[in-house]
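Colleague: Could you take me through one part of this model at close range, and then show me how the rest is put together? I would like the details with their cut-offs, please.

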Amino acid sequence: MALKNLLALVVLLGVVGVSFVKAYENSERNPYTKGGLYLGYYRSKCPQVEYIVRRVTYQYVSANPTLAAALLRMHFHDCFVRGCDGSILITSPNKDAERDAPPNLSLKGFEVVNAVKSAIEIECPGVVSCADVLALVARDAVLVIRGPWWPVPLGRRDGRISRLSEANLPSPFSNVTTLKKNFSDKGLNTRDLVVLSGAHTIGVSSCGLISRRIYNFTGRGDFDPSMDPNYVMQLKKRCQPTDVKTIVDMDPGSVDIFDSHYFDTVADKKGLFISDSALLNDWETKLYVQKQVFTHGASFNRDFSESMVKLGSVQILTGYQGEIRNRCDLLNTQQRRETTMALKNLLALVVLLGVVGVSFVKAYENSESSPETSPESSPESSPGTMGNLYVDYYRDTCPEMEEIVRNVSMKMVAANPTLAAALLRMHFHDCFVRGCDGSILIKSPNNDAERDAVPNLSLRGYEVVEAVKSALEIACPGVVSCADVLALVARDAVLVIRGPWWPVPLGRKDGRVSNISEVNLPSPFANVTTLKKNFADKGLNTKDLVVLSGAHTIGVSSCGLISSRIYNFTGKGDSDPAMDPDYVTELKKRCPPTDFTTSVDMDPTSVDKFDSHYFNAVAENKGLFTSDSTLLDDWYTNFYIQKLVKFNVNTFDGDFRDSMVKLGFVEILTGNQGEIRNKCDRIN
């Protein structure tokens, strides 16, 4: 009887457990689930969708960064007319679709959405909506220019209606009362209004939209008195009275950077549109503007992310509503009509050409139209494939893997941004000893593992890797290696602080060996000759050396590592003559002779931003370590620095991306080598 009761209990708990797991997957694991949308919507039907979107979007936007603002604006315009249903993308032969309305004639970037959709159709035909594509492309385009990341719950359906007459968008000439009503009608509040206006930080407009405001505001040849007079003078120099085409930045001096500077512009009465200046006429929007000015945008990224998630849920179509368009610019009925006509023409051609026509069609079917021969579907053609690693390694065994890594790591790094530099450094230290095998993560009861070596005692961020691994073990136990986790966490941590994105090919196995005696890392005291040899030994070249040194832009060190350099360089109480004397004086104020623990920024004035400013510091003889200053002692590394600093040829983001991909392949274990650790800090 006891056995029967136990069996009944097991069955009951099994049913409850399955129900609980399903409910958990559809809710708590997707905190942004709303109205039929959720983050893992395509995990079984098209697990590669986010990678494909990211890859194609990056190719376009990195080549033309102005597309970021354009694609973000397109997403906004789509959601404000009939909701986020992709109706802005539809073309009409009669020029009566949404995109034909005057406010939308200046939209650009349709080619990016079409290219992404085409790539997805090869991988997962008829699965992913154009509405979801546009929502993802807008997010990833902003990421390319180092803007904030936000989750994009998916599952939208595409609308079948697109009418010019319905394109009633918030106007640049509106006052704040009208704007608040526009947003309220879409389920968005006053805070969303002012936060989303912040997207104008990367916006541009034309002289035609401000001509009246600066030349004839009330019909008397005057300008809008709410504008700063000096700013009006600047605008008049750029925009002659009859000029309607010249481009004007909406955030002067900061249009290339997604930041909170737009609010400073508005507060200084330099808002380009009436709708910008109007934000000072409402107590709630004005308070938010002033808050961002006084706090230097402390909450803007987070607020923008939250408002973008809300925007993406405006009047969505889900379930059986709408359709999944095969082409974003055509309704499926339109495409069927075009296809039918094309087939009729083809049939007539085949009849006319006879055997030659039939042969031609067969040859066509066997080559260009075949997905097996498409370069898009070939793993060898993937830019992220190399050796035995490739970007979709876990597509079948753990399709949610990158989403889990991103969600956990971004949450922890957002709470403590200094972890970005720490995790990037940890990945570097891992790859330089026994290759990228996660051996840096292993603990030893005898304190004789890699992490116990002196250069590694200051490493931190292990808790992030462990948290990510624990989350992955719930979703896909025994599948994802710690080496891959660390490589991804390092990339995603840098993304949080607006650093560059790079592809991370996957498939590494975890090492079983971690010896303190093998830790021979590039030293902060090394000269350039030694550093070049260190890198060459790992298959990395001189360009990789100088480019990866650029990661010091977010680095910090301690006074102990520079004490001899500023106080007793040659044993005679002197400082390193390669250092700027004023910089030495500043460092001495921060680091008394007996202080070995105080932190020192490696990129003075720019340590919070992942940018190329580190190279300016080195060029000014303000490199913190000998290994920084010595980059001026080699012709190639010096030339690279001068290229960025003096000639303003800033290729750093792209170069860093390329070098990080190379770093991730150093002495990897794959196939039957190594293991997949269950916990990253111990061997199985």
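Which residues in α21 are buried?

Modeller: Happy to. A word on the ground rules: this is a predicted model, in which local features need pLDDT of at least 70 and side-chain atom pairs count only at pLDDT 80 or more, while totals for chains, interfaces and linings use all residues. Numbering runs from 1 along each chain as its sequence is written, and side-chain values use heavy atoms, with hydrogens and water left out.

In α21, the buried residues are T542, D544, L545, V546, V547, L548 and S549. Buried means under 20% relative accessible area, exposed over 50%, and partly exposed in between (1.4 Å probe, protein chains only). Seven of the eight residues of this helix, which spans 542-549, are buried, so the rest of the structure largely encloses it. Helices here are DSSP runs of H or I with at least four residues, strands are runs of E with at least two, and both are numbered from the N terminus. The cover over the buried residues of α21 includes α20 (528-536), α24 (613-619), α26 (635-645) and α27 (652-663); contact means heavy atoms within 4.5 Å.

Stepping back, the chain has 27 helices and four strands. Of its 684 residues, 52% are buried. Among contacts with a separation of 6 or more, 74% join residues 24 or more positions apart.

Now to the nonpolar cores, each a set of buried Ala, Val, Leu, Ile, Met, Phe, Trp, Tyr and Cys residues joined through side-chain atoms within 4.5 Å. The largest has 79 residues, of which L71, L72, M74, L89, I120, F304 and L311 touch the most other members. Helix α5 (residues 130-144) gives this core its largest share, eleven residues. Apart from it lies another core, of 72 residues, including M401, A420, C482 and V489. As for I120, its contacts beyond four places in sequence are C46, V49, I52, V53, P125, V128 and V133.

Helices α3 (residues 67-79) and α13 (residues 300-311) pack at about 45°, their axes 11 Å apart. The axes are lines fitted to C-alpha atoms over the stretch in contact, and angles run from 0 to 180 degrees between N-to-C directions. The two helices are therefore oblique to each other, given that under 35 degrees counts as roughly parallel, over 145 as roughly antiparallel, 65 to 115 as roughly perpendicular and the rest as oblique. From α3 come L72, H75, F76 and C79, and from α13 come F304, M308 and L311.

F304 belongs to an aromatic cluster as well, with W150, F258, Y262, F263, Y288 and F300. Rings of Phe, Tyr and Trp (its six-membered ring) pair if their centres lie within 6.5 Å; planes under 30 degrees apart are stacked, over 60 edge-to-face and the rest tilted. That rule gives 26 aromatic pairs. One of them, F258 with F300, is stacked, at 5.9 Å centre to centre and 10° between the planes. This pair links distant parts of the chain, 42 residues apart: F258 sits in the loop between β2 (247-249) and α10 (261-267), and F300 in α13. Both F258 and F300 are buried. Y614 and F615 make an edge-to-face pair, 5.1 Å centre to centre with 75° between the planes.
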